[in-house]
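Hi,

Here is the structure I promised to pass on.

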Amino acid sequence: MKTLVWVEHDTGAIKDATLATVTAASKLGEVHLIVAGSNVGDVAEAATKIAGVGKVHVADDAVYDHVLPEAVAPMIVALMGHHDAFLAPATANGKNIAPRVAALLDVMQISEILSVEGDGSFTRPIYAGNAIATVKSSEAKLVVTVRATGFEKAAREGGSGTIEAVSGTGEANGSSFVGAEISKSERPELTSAKIIVSGGRALQNSENFHTVIEPLADKLGAGVGASRAAVDAGYVPNDYQVGQTGKIVAPEVYIAVGISGAIQHLAGMKDSKTIIAINKDEDAPIFQVADIGLVGDLFKIVPELTGKL
Amino acid sequence: MKVLVPVKRVIDYNVKPRVKMDGTGVDLANVKMSMNPFDEIAVEEAIRLREKGVATEVIVVSIGPAKAQETCRTALAMGADRAILVTTDDTVEPLAVAKILKAIADEEQPGLVILGKQAIDDDSNQTGQMLAALMGRPQGTFASKVEVDGDSVTVTREVDGGLETVKLAMPAIVTTDLRLNEPRYASLPNIMKAKSKPLANKTPADYGVDTTPRIETVKVAEPPKRTAGIKVADVDELVAKLKSMGVAA
C-alpha cells in the first residue's frame, strides 16, 4: 500500500506530530510525504531525511501558505490518484483538511487513530476517550487522522527520500487568510513537551499562574498547561487547555496543580507516563489516576517545591 | 439570508458512558439524551444572527431516530423558526449526513450552514468539512467568532497555538468551538410555543442518500485503566521522587 502523509511544518521545522504520523503510515506500507507552502525547500530537504520515507512531494506555491483547505484538499485529491491512503496528524490543520479530502474522494474518514491493527482496522477513542472502538474500513482508499500520542516518533535522520515537485497551482476558492495571533513562548510546546505543569481553577487568577505555576515549569524546563475551568475563567489563553476539547498530551511527567480531574481533562492527559497531582481535596478524582499525589495547599507546596528543586 | 443548523441527539454530556458487556457499543438504554453541546452553540449563533437582522430564518435539521424530534423541539424552543427531521434508525456516518445536508442546502439555499465541530458520541469532527467539500464552498472550522459583512463572513478560528482569522465568500460553512457563545436556556413560554412551530418529516430516501455504513465497528472496549499510585507526605518526599525519576537534578 502506498501512503501519503501530510507534513505539518511552520516553514522552519517539521512538527513532531508529523513524525508520529509517519510511524502510523509505515505500518500500512510505503510512506510518501506532501510538503506544501512557499519557500519550503528546507522543509522538503529535512523531510527526505525522516527515516523510512520514500518520495517527498513538494507543492511550492504561496496559495498553500496558510493551509487553506479549499486550496490544499484538491491538490491532495489529485495526488491520491496514485496513493492508497492519506494520513494527517490530528492537529488543527489535519482536522481541517482531511475530511474535505475524504468527501472529495467519496470515502469515510477514520478520525484520530490510536493504533494500526492491520487488515484495514484501527483503534480510535469515542465518547471523549471513555470507550475505544476497533473499526474496519472497506473503502477503496483510506483517509485517516492520527493522534500523535499513540505512536512513537519516526527518527528525523536516516532516510533517503527523493523530492518530486507537484505540478499545477491551486486556488483557494472563496477563502482568504486575514491574520493570526499565535502566542509566542520560550517554553516547550504542549504537544511535544517532556514535562508539563498544568494549573486549574484553584489558582484563582491569572497573576497566580505567573507567580506559582510558571516558576516551577521554568525550573523543570516544562510546558505550561491548564484545565478548561482555568481557561474559561480567563486565567490563561485558550491554547493552554489540556483536555478532550483542548490539546491531547502524553508527556513523560504531567504535574496537575489544583486540578480536580474532570473527565474532560483526564481524556487529554491520561496517557502521560507519570502523573503527579497536587490538590487540597484528598477525594479529588485526579488522585485516582495519579502515580504520585500530594494533598495540601498548592500556594504553600508549589513555591516550596520550586525552591527545593 | 437563511441559516441552516444541523443538530444531533447524543448522550447528555454529564452522563458517564458505559461500554456494553458484549463489546458492541456504549449502553444508551435509559440514559439521558440531549442536544450535542457544540450544536447548541451553533443554534445560539444562528439565532443571534437573526436577532441582529443579519439572518431572516433559522432552520434546524436533525438526522436520527424518531426521538430526535425532541432535539428539534429544543432548538425551536431556543428560537429556531422551523425544523426538518430526517428519520432513520440506522447509524448514519458523517459522509452520509453531509450528503443529506447537501441535498437540503440545495433546496433551502442558506447563506450559512453552522454546525457543531464534532459530536460528543463518535468524536469524528468531519461533517462540516465534508459538507463544505460536497457543496464546493469555503469552510471556517472551530470558530470562536463569526462576523457577517455583506456577502462574506469573517471567522476567527481556534488553532494550535492561538487564533487564526479567515474571510469566506458566502454561502459558507462554519463549525463551532466551545467559546463562540454561551447558549441560552429555553423559557417555558418558548417551550410551549415551539410545539406549534413547523416540523417537516423526511427520510434519507427522500434525498436519495444511501446511508449504508462504510466503516464497520468490530468492537468497543473500555480504555485501559490507570490505577491510583501512592501519596507522599510532604514536599521533601516529592522532591526525592522527582530526583529518582531523573526529572530534577
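Two strands count as paired if DSSP finds at least two bridges between them, and helices (H or I, at least four residues) and strands (E, at least two) are DSSP runs numbered from the N terminus. With that in hand, S175(A) stands opposite L168(B) in β9(B). β11(A) and β9(B), residues 162-169, run antiparallel and are joined by 7 bridges.

Some housekeeping: this is a predicted model, where local features need pLDDT of at least 70, side-chain atom pairs count only at pLDDT 80 or more, and totals for chains, interfaces and linings use all residues. Residues are numbered from 1 along each chain as its sequence is written, with chains lettered from A and ligands numbered from 1 in the order in which they are written.

Now the contact between the chains (C-beta atoms, placed from the backbone, within 7 Å): chain A puts in 67 residues and chain B 63. Among the elements giving two or more residues on the chain A side are α3 (69-79), β11 (175-182) and α8 (298-308).

On α8(A), the buried residues (20 or more other C-beta atoms within 10 Å of their own; exposed means 12 or fewer, partly exposed in between) are L298(A), I301(A), V302(A) and L305(A). These cover an arc of only 90 degrees around the axis (taken from the directions from the helix axis to the C-beta atoms), which puts them on the same side of α8(A). K300(A) and G307(A) are exposed on the face turned away from that buried side. The buried residues of α8(A) pack against elements including α5 (206-220) of chain A and α6 (235-244) of chain B.

Cheers

Methods
Contact = placed C-beta atoms within 7 Å.
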